[in-house]
Amino acid sequence: MRLYSGSSQQFIQDTIQNQIAEKLRIAFFDYFRFYPSPGEITAWRNSLRAIKDIFAMADLYDHGVMLEYQLPLSSKRLDCLICGKDKVQDENAVIIELKQWRNAKKPRAPMS
């Protein structure tokens, strides 16, 4: 199961047009029969906007993208999987795990 799949170009356009979170929300409901939390929708919107910028800056326009891919025999989901060919035409895939941080604290200095 995956909530979104398409080309990287389509992903970029869906994100620019502010449609990506809504597409994920509808696909989530279609699969699970309930809606995701508002926090998850906000996390998708914010994180995927940053991923869109990275794809655009790296000229990743001809790759495949899957979002919220559920691993077989597990309830765990991959946030983002991008696959395609590199400069020498070798096939590659990269998993991107996104984190939403509301706040962070500076770590304490180690005791000497």
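Modeller: Apart from neighbours within four places in sequence, Thr15 is in contact with Ile20, Leu48, Arg49 and Lys52, where contact means heavy atoms within 4.5 Å. This is a predicted model, in which local features need pLDDT of at least 70 and side-chain atom pairs count only at pLDDT 80 or more, while totals for chains, interfaces and linings use all residues. Residues are numbered from 1 along each chain as its sequence is written, and side-chain values use heavy atoms, with hydrogens and water left out.

Thr15 lies in helix H1, residues 8-16; helices are DSSP runs of H or I with at least four residues, numbered from the N terminus. With a relative accessible area of 7%, Thr15 is buried (under 20% relative accessible area, with a 1.4 Å probe and protein chains only). A polar atom of the Thr15 side chain lies 2.8 Å from the backbone oxygen of Phe11.

As for the helix packing, H2 (residues 20-32) and H3 (residues 38-57) pack at an angle of about 140 degrees, with their axes 9 Å apart; axes are lines fitted to C-alpha atoms over the stretch in contact, and angles run from 0 to 180 degrees between N-to-C directions. From H2, Ile20, Ala21, Leu24, Arg25 and Phe28 meet Glu40, Ile41, Trp44, Arg45 and Leu48 of H3. The residues of this contact divide into seven nonpolar, no polar and three charged, with Asp, Glu, Lys and Arg counted as charged, and Ala, Val, Leu, Ile, Met, Phe, Trp, Tyr, Cys and Pro as nonpolar, the others being polar.

Key. Helices (H or I, at least four residues) and strands (E, at least two) are DSSP runs, numbered from the N terminus. Buried means under 20% relative accessible area, exposed over 50%, partly exposed in between (1.4 Å probe, protein chains only). A polar contact is a pair of N or O atoms within 3.5 Å; within protein, one must be able to donate a hydrogen and the other to accept it, and residues adjacent in sequence count only if both atoms are side-chain atoms.
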